[in-house]
Amino acid sequence: MKQPIKLKGCIAILAAAGFAAVAHADPDEDQLTVNGEIEMVTEVDAPAHMENLDTIYSGWRFRSDETQAFQMDDFDNPAMIFVEAAAETWDIADGFEGKSCSSCHNDIESMAGVRAVYPKWSETAGEVRTLEHQINDCRENRMGAEKWKYTGGDMAAMVGLISSVSRGLPINVAIDGPAQETWEKGKEIYYTRYGQLELSCANCHEDSYGMMIRADHLSQGQINGFPTYRLKNTKLNSVHARFKGCVRDTRAHTFKPGGPEFIALELYVASRANGLSVEGPSVRN
C-alpha cells in the first residue's frame, strides 16, 4: 500500500486532475427537520480525534434548496419507496428456519439506535462489522437464508429501513479498544493518495469541501446520511458502493465492497461524523 504523503494545495490538485474548481461556497445555514418533527443536527464541533477540521457539516447543507426539500418530507423522499419495500420484507419468513427479521427483533422500532453505532466491534466475531455484515449474519445463521449481495438493492433497502428509525439520533461510533487497529487502518487509507490522479479522500472532502466539482459542491464526505438516494442514478446507494466509485474516479484499482479495506475506511469515516444526526435514507445529487 502506498504510504500517505504530504498534502498539496487543493486547487492545484483538482486542476491537475482535470476537475473544475472555480467556485467555493460555504455550507448554507438552513436547518433540517424531517416531517416537521424529526430535528436533525447538521453542524457540530468536530470530534476530538479529528485533526484538521474544527466543525463538521452534514452533506445536506451543501445541496441546493430543491435537493434539500426532497429529504424534508417522507412523502417527497424517493428513498422511502425502498424503505417501504424493506418494511414488508421485515415480516416475511425466509430460509429453512422459517423465520423473518421480526421473529427475533419484533417491530422495526426495536432497532432504533442501531444505525448510530455502526460499524462496531463484534465480540462474537472478533472483528469490526458493518450493519450489512450483521444483516447477512442474521440471514445465514439465524434464518437459514441466502446472503444478500453486499451492495445490492435488497441490502440497501434493509439498511435504509433500519436507519430510518434512528433518524435524529447522534452518530456515536466507538473507535477505542479492539476497534482501534481497524480505525487506524481506515485513517491511513483516508489520507493515502491513489490512482493515476494521486488523490486521497482528504484532498476532496477535507481540503476542498465547498468547491465546485462537476457542477456540484463538494461536501465533507460525511456518511451519516447513508444509504442515500442519488438523483444521479435514481436508486438507493450504499456506503461501500460510494467508496468504490470514489476510488475508481482516481483511476485506481478499487477495493472490494465488504472487504477489510472498506470496512476500515467506513469505521474511520463514520467516526468523523460523531455528533451529527443519523439522516438515512437521505437524498443527494
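Modeller: Let's start with a term: a polar contact is a pair of N or O atoms within 3.5 Å; within protein, one of them must be able to donate a hydrogen and the other to accept it, and residues adjacent in sequence count only if both atoms are side-chain atoms. Keep in mind that this is a predicted model, where local features need pLDDT of at least 70 and side-chain atom pairs count only at pLDDT 80 or more, while totals for chains, interfaces and linings use all residues. Residues are numbered from 1 along each chain as its sequence is written, and side-chain values use heavy atoms, with hydrogens and water left out.

Our spot is Arg115, in the loop between helix 4 (101-105) and strand 5 (120-122); helices (H or I, at least four residues) and strands (E, at least two) are DSSP runs, numbered from the N terminus. The side chain of Arg115 reaches the backbone oxygen of Phe226 at 3.1 Å, and a polar contact of 3.3 Å ties it to the side chain of Ser163. What else does Arg115 contact, leaving aside neighbours within four places in sequence? With contact meaning heavy atoms within 4.5 Å, the list is Leu131, Ile162, Ser163, Ser166, Ile171, Ile223, Asn224, Phe226 and Val278.

Now for charge. Lys and Arg count as positive and Asp and Glu as negative, with His and the chain ends not counted. A salt bridge is a side-chain nitrogen of Lys or Arg within 4 Å of a carboxyl oxygen of Asp or Glu. Buried means under 20% relative accessible area, exposed over 50%, and partly exposed in between (1.4 Å probe, protein chains only). Arg115 is buried yet has no salt bridge; Glu266, the nearest side chain of opposite charge, sits 5.8 Å away.

Elsewhere, such pairs do turn up: the structure holds eleven salt bridges. One of them joins Asp28 and Arg61, with the closest N and O atoms 3.5 Å apart. That pair links distant parts of the chain, 33 residues apart: Asp28 lies in the loop between helix 1 (10-16) and strand 1 (33-34), and Arg61 in the loop between strand 4 (55-57) and helix 2 (65-71). Arg61 counts as buried because its relative accessible area is 3%.

Glu127 and Arg129 meet in a salt bridge too, at 3.3 Å from N to O. Here Glu127 is partly exposed at 38% relative accessible area, whereas Arg129 is buried at 15%. A further salt bridge pairs Asp249 with Arg242, the closest N and O atoms being 4.0 Å apart. Asp249 is partly exposed, with a relative accessible area of 25%, and Arg242 is partly exposed as well, at 23%.

Finally, the nonpolar side. A nonpolar core is a set of buried Ala, Val, Leu, Ile, Met, Phe, Trp, Tyr and Cys residues joined through side-chain atoms within 4.5 Å. The largest has 26 residues, and Tyr190, Ile223, Phe243, Leu265 and Val269 have the most contacts inside it. Ile223 is also among the contacts of Arg115. Helix 7 (180-191), helix 9 (239-249) and helix 10 (260-271) each give two or more residues to this core, and helix 10 gives the most, with seven residues. Apart from it lies another core, of 18 residues, among them Met80, Val83, Met158 and Leu161.
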